[in-house]
Amino acid sequence: MLLQRRTLCSGVASCSQSVPVLLPVFPSLNAPFATLPSAGLRTSPWLCEWYRRLDRLTVLAKGAAVEAPRHHQTPGQGVSKVNVIYKFGGSSVRDAERMREVADIVGSFPQYLPCVVLSAMGKTTNMLLECGDLALKTKTENISNLTPLKNIRKLHLDTCDDLGIEPVVRSEVERLINELEQLLIGISIMQDLTPRAKDSLVSFGERLATRIFASYLRTKGVPARQHDAWDLGLTTTDDFTNADVIYEASLPAIAAALAPKPGQPVEIPIVTGFLGRGQLSGAITTLGRGGSDLTATVLGAALELPEVQVWKDVDGVLTSDPRIVPSTRPVTELTFEEATELAYFGAQVLHPQAMQPAIRSGKMNVRVKNSYNREAAGTIISAARDMSCTVVTSIVLKSNVTLVDIISSRMMGQYGFLATVFDTFRRHKISVDVVATSEVSVSLTLDPKKIAGAPDDELSQVQHELGMMAAVSFRKGLAIISLICNVEKTSEILMRAFSVFQREGINVLMMSQGASKTNISLVVDGSRGTEAVQVLHREFFDGPSVCSITGLPLSQGVSVGLGNNGSSNGDHSNN
Ligand code: ADP
Ligand code: ASP
Ligand code: MG
């Protein structure tokens with residue numbers, strides 16, 4: 001008998017035989033067809049709720065309506081140590097409903113005992129930063145009335161109530177929000193918001209989300225324990241707001257902290273993304289915006305796992321930013337190098353450092369999945385892939401770029417000129433993205449994030465220093481279009497790109513290709529950036545493509561999921 005889930009959840013009878021249960025399957029994961037013993041099958045509102053939301057769940061039962069027993073929701077049955085990392089970003093856990101959905105996902109793969117990394121709920125990180133800025137302009141006695149603080153309080157307490165989490169954890173959530181308010185009062189009194197205080201401030205997002213989620217799992221009978229990443233030993237440099245992971249200290253500490261403890265029950269670790277502890281200061285640090293991806297891969301490397309799954313609100317890494325190009329499609333495979341370039345050149349989908357632990361580990365893959373569309377295969381990111389049929393994989397736009405032209409008549413035959421130029425940027429801690437040199441000049445672009453702090457002062461100082469040996473000019477408001485591509489096909493790619501640009505009247509101010517095996521960068525006027533990405537996407541992805549080698553249709557960029565075309569499932573400009 002084929003039992004639809006509505007039947008299952010409306011009336012439940014017991015069954016005397018073993019019941020094969022077809023669990024939700026990710027095509028790519030070979031998820032199980034489990035045979036569950038029937039003893040003790042009972043109604044479970046949680047399980048009914050779980051089944052109700054699963055699109056394709058079908059339960060096969062002999063003779064009667066049955067329900068799997070409560071303990072079968074627990075992932076990792078018979079598994080004694082963590083064997084996968086799941087990371088859920090802000091949009092995946094933005095409210096109580098999404099937390100339920102994520103709990104469903106966690107409960108869907110009994111062969112996996114996951115460690116779960118969570119970001120802050122929804123846009124909490126942005127709201128926390130807004131609180132900090134407002135606290136600088138708000139009288140101490142008015143801090144509790146700050147709108148973003150009220151919103152944070154409401155979101156988290158409503159979620160606690162909706163999910164029915166343990167009273168002790170609800171109290172802990174209230175205590176943390178009061179602590180947050182005290183910190184804001186401190187900022188208001190001091191009229192100062194240091195990078196260190198900023199990191200403490202934003203840490204509340206992940207600390208709250210993980211406590212709520214762990215408690216929710218426990219209330220559903222799934223053993224889970226919340227961890228602040230620093231308690232597991234995630235140690236970083238003291239570069240507040242953008243700290244680097246210190247792998248030598250972090251990996252062994254995390255491995256020891258998450259190792260199974262003899263005699264102790266197995267509990268799913270629920271870990272704060274984005275946060276660490278500064279090695280020298282001992283203070284809370286953050287890994288830069290979007291840093292939970294990095295936390296997930298650091299944990300995966302520490303535990304020497306074969307796979308880390310980062311669950312987002314899109315069907316995987318896409319052929320471009322879906323907010324710019326509506327017809328994007330998921331990319332099925334990427335290399336670590338491609339993913340890093342894509343992230344570095346501005347694709348929000350992954351943290352630029354997130355592949356480093358996977359590269360270090362040498363045996364770990366990263367899979368990007370959609371928590372809104374589980375059936376989509378997602379993107380698998382690994383060390384190598386067959387590039388023979390690949391032309392362009394993804395197109396990325398980086399806006400607000402500054403171009404610096406440095407022209408020296410003395411460069412000819414001089415040594416040390418480039419060293420002096422780059423040393424100037426190093427001293428001012430300004431990152432350089434794209435570089436092109438000629439005999440007498442060097443042009444380079446500056447990473448907008450790195451000059452966002454005190455741009456004008458910093459840049460005029462740089463201009464002054466470089467001006468002592470060269471003519472220097474700055475041009476702001478430009479855009480870099482990065483083609484993540486197979487540079488063995490450079491001639492074809494450039495020919496097609498330039499003919500599209502010529503047709504559209506888009507002028508390329510600078511280009512760089514060669515150093516990277518995966519990327520061609522074109523600098524254009526900022527006002528044409530979005531349009532340039534759109535026309536290039538049309539050229540390389542829209543319409544039928546066949547592999548010039550096999551003559552077969554290209555799989556790259558073709559959606560293999562059952563769901564949408566990969567567009568975002570929410571307003572998620574940054575959480
Ligand atoms: P999370 O909080 O889950 O880490 P992010 O917001 O950081 O999710 O990243 C996912 C978002 O990145 C998507 O909603 C999408 O709008 C944006 N994005 C930009 N470029 C790409 C791309 N090339 N592929 C996929 N998503 C992209
Ligand atoms: N919550 C942090 C952010 O919004 C980290 C993350 O989402 O990965 O940047
Ligand atoms: Mg992110």
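In the largest nonpolar core, which has 58 residues, Tyr 86, Phe 88, Val 116, Leu 184, Phe 213 and Ile 270 touch the most other members. A nonpolar core here is a set of buried Ala, Val, Leu, Ile, Met, Phe, Trp, Tyr and Cys residues joined through side-chain atoms within 4.5 Å, where buried is under 20% relative accessible area, exposed is over 50% and partly exposed is in between (1.4 Å probe, protein chains only). Helix 7 (195–219) is among the elements that each supply at least two residues, and it gives the largest share, eleven. Helices (H or I, at least four residues) and strands (E, at least two) are DSSP runs, numbered from the N terminus.

This is a predicted model, with local features needing pLDDT of at least 70 and side-chain atom pairs 80 or more, while totals for chains, interfaces and linings use all residues. Residues count from 1 along each chain as written, chains are lettered from A and ligands numbered from 1 in written order, and side-chain values use heavy atoms, leaving out hydrogens and water.

Now for the charges: the whole structure has 32 salt bridges, each a side-chain nitrogen of Lys or Arg within 4 Å of a carboxyl oxygen of Asp or Glu. Glu 172 pairs with Arg 211 at 3.0 Å, linking helix 6 to helix 7 across 39 residues. Glu 172 is partly exposed at 24%, whereas Arg 211 is buried at 13%.

Elsewhere, Glu 338 and Arg 385 meet at 2.8 Å, and both are buried.
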